[in-house]
Amino acid sequence: MKYYNKLSSLLLTALVVASSFSLQSCKKDQPDEFKLTGGIPTINYIRPASASASDSLLVQAYPQANICLVGSNLTSIQQMYFNDKKAILNTSFITDNTLIVQIPSEIPDLVTDKIYIITTDHDTLTYDFHIVIPAPNVSQMSCEYAKPGSIATIYGSYFVDDPNVPLTVTFPDGQIAEIKSINSSRSAIQIVVPECTTEGQIEVASIYGKSLSKFYYHDSRGLITNFDGATDVVPQGWNIAATYSDENGIDGQYVQVGPAETEGGWVEELKLPFWCGNWNGDPMSITSGPGIPLRNFLNFSDWQNMSFKMELYIPKSNPWSAGAMQIIFVNNLQCANDSWQNNTYIHTSADGGLDLPRALYRPWEATGSFDTGDEWITVTIPLTDFVYNDDGSKVSTTMSESSFDSFIIWPINGGVAGTVCTPIFRYDNIRVVPNL
């Protein structure tokens, strides 16, 4: 450890200028309340915060890791920085001999591989410690079917663009996308989509390594329907008001429901059912053609590790502000009377329904209204999030492999209050894919 009476760098000067009492305490007005002490702390070593790993010594760690400084007079520490990022100190985890702290999640702008410790006397000490920055984490894309030449956003973390080793985004066919911008938290990259027609993962590489995306570009895995005849699945059921079009589409034809006025209640014109079966008996005997049960051609044995996905377009002219979009997968026996679709499975048991687990997608709830800005977006919902009832409450039942025969998409109820709207919903590339 080195002790400085006078700070000799711009970084340390900035730390002193910013110095103020910043400790957070969970204990107030108690006899044993934490009190800062004077003097100089001593750090003997750093170990993991977990008691089970207390015999391991650390010289480096990842962002957000919890570490424990071991030494003496640690109650004299007022502020702490890892490189140039300030840590939050909680007095509940500080004693004379130990200090537990979480390494900041932010990526440092200035890497010095040091911890800077500011005391109550405004002295600054340094301790050598390396923060390991992971390779990029590539979690989502604004639209997985974004057209060549369009602007798309890739989301994740650790998108570091080093001047000596620039960040790169490589599509499945090897083309490198033009990067338009990277946000300040390094969690989003705006790119120009290259002329790529190859399906697969996107690679993002930085000075700290490279990673493949947790999604496929032009994903056709687990396709239920793309409304272009790639599968036999078509909207089927009572009172369907859906229309087909390819105008301003993202991938050939799409299906549209609306415009129709709604306050979040029962509006048939916004329903999009995919009922399995026909008038000829057992739905499970259908192996081709309209009415085929989903699990007759798709594998749902590992459904807990899969996600529902689709491309969605809600125009600015017809925003959505009422009702949760219910997405329900259902066994053929639970959605049929006399070999034809019924709607009782939509309801809770209190209303004569079945309390079936479903997803409730309601992005308008946070802001009061939602549209996709006259662009297509990709919606992703893990199947493990299909845990809600019609009224927004949690259900006690869970899905199983046999749940995946029919399904329906319908913005209705969901336990949320909204405002009257006349939305338009366009859907494409409805699929269930493995999580990567």
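Me: Which residues have the most contacts inside the largest nonpolar core?
Reply: This is a predicted model, in which local features need pLDDT of at least 70 and side-chain atom pairs count only at pLDDT 80 or more, while totals for chains, interfaces and linings use all residues. Residues are numbered from 1 along each chain as its sequence is written, and side-chain values use heavy atoms, with hydrogens and water left out. A nonpolar core is a set of buried Ala, Val, Leu, Ile, Met, Phe, Trp, Tyr and Cys residues joined through side-chain atoms within 4.5 Å. The largest has 57 residues, and those with the most contacts inside it are Phe308, Ile327, Phe329, Leu383, Tyr427 and Ile430.

Me: Which strand gives the largest share of this core?
Reply: Helices (H or I, at least four residues) and strands (E, at least two) are DSSP runs, numbered from the N terminus. Among the elements that give two or more residues to the core are strand 22 (306-313), strand 23 (325-330), strand 28 (406-411) and strand 29 (425-434). The largest share, five residues, is that of strand 23.

Me: Why is strand 23 largely enclosed by the rest of the structure?
Reply: Buried means under 20% relative accessible area, exposed over 50%, and partly exposed in between (1.4 Å probe, protein chains only). Met325, Ile327 and Phe329 point one way from strand 23, whereas Gln326, Ile328 and Val330 point the other way, and all are buried. Strand 23 is largely enclosed because its buried residues number six of the six.

Me: Over how many bridges does strand 23 pair with strand 28?
Reply: Two strands pair if DSSP finds at least two bridges between them. Strand 23 pairs with strand 26 in the antiparallel sense over three bridges, and Ala359 of strand 26 is the bridge partner of Ile327. With strand 28, Phe329 has Phe407 as its bridge partner. The pairing of strand 23 with strand 28 is also antiparallel, and its bridges number six.

Me: What are the centre distance and plane angle of the pair formed by Phe329 and Phe407?
Reply: Rings of Phe, Tyr and Trp (its six-membered ring) pair if their centres lie within 6.5 Å; planes under 30 degrees apart count as stacked, over 60 as edge-to-face and the rest as tilted. Phe329 is buried at a relative accessible area of 2%, and Phe407 is buried at 1%. Phe329 lies in strand 23 and Phe407 in strand 28, so the pair ties together parts that are 78 residues apart in sequence. The pair is stacked, at 5.3 Å centre to centre and 25 degrees between the planes.

Me: How far apart in sequence are the parts that Tyr313 and Trp376 tie together?
Reply: A search of the whole structure finds 16 aromatic pairs. Tyr313 and Trp376 form one that is tilted, with 5.5 Å centre to centre and 55 degrees between the planes. Tyr313 is buried at 7% relative accessibility, and Trp376 is buried at 8%. Since Tyr313 lies in strand 22 and Trp376 in the loop between strand 26 and strand 27, the separation of the parts is 63 residues.

Me: Which cysteine sulfur is nearest to that of Cys196?
Reply: A disulfide is a pair of cysteine sulfur atoms within 2.5 Å, and a search of the whole structure finds zero of them. Cys196 is buried at 1% relative accessibility. The nearest cysteine sulfur lies 14 Å away and belongs to Cys143.

Me: Which residues does Thr153 touch, not counting residues up to four places away in sequence?
Reply: Thr153 is found in strand 12 (residues 151-157) and is buried, with a relative accessible area of 13%. Contact means heavy atoms within 4.5 Å. By that criterion, Thr153 touches Gln140, Met141, Ser142, Ala188, Ile189 and Gln190.

Me: Over which residues is the pLDDT below 50?
Reply: pLDDT is the predictor's confidence in each residue, from 0 to 100. The chain averages 90, and 92% of the residues score at least 70. Where pLDDT is low, the predicted coordinates should not be read in detail. The stretch with pLDDT below 50 is residues 1-31.
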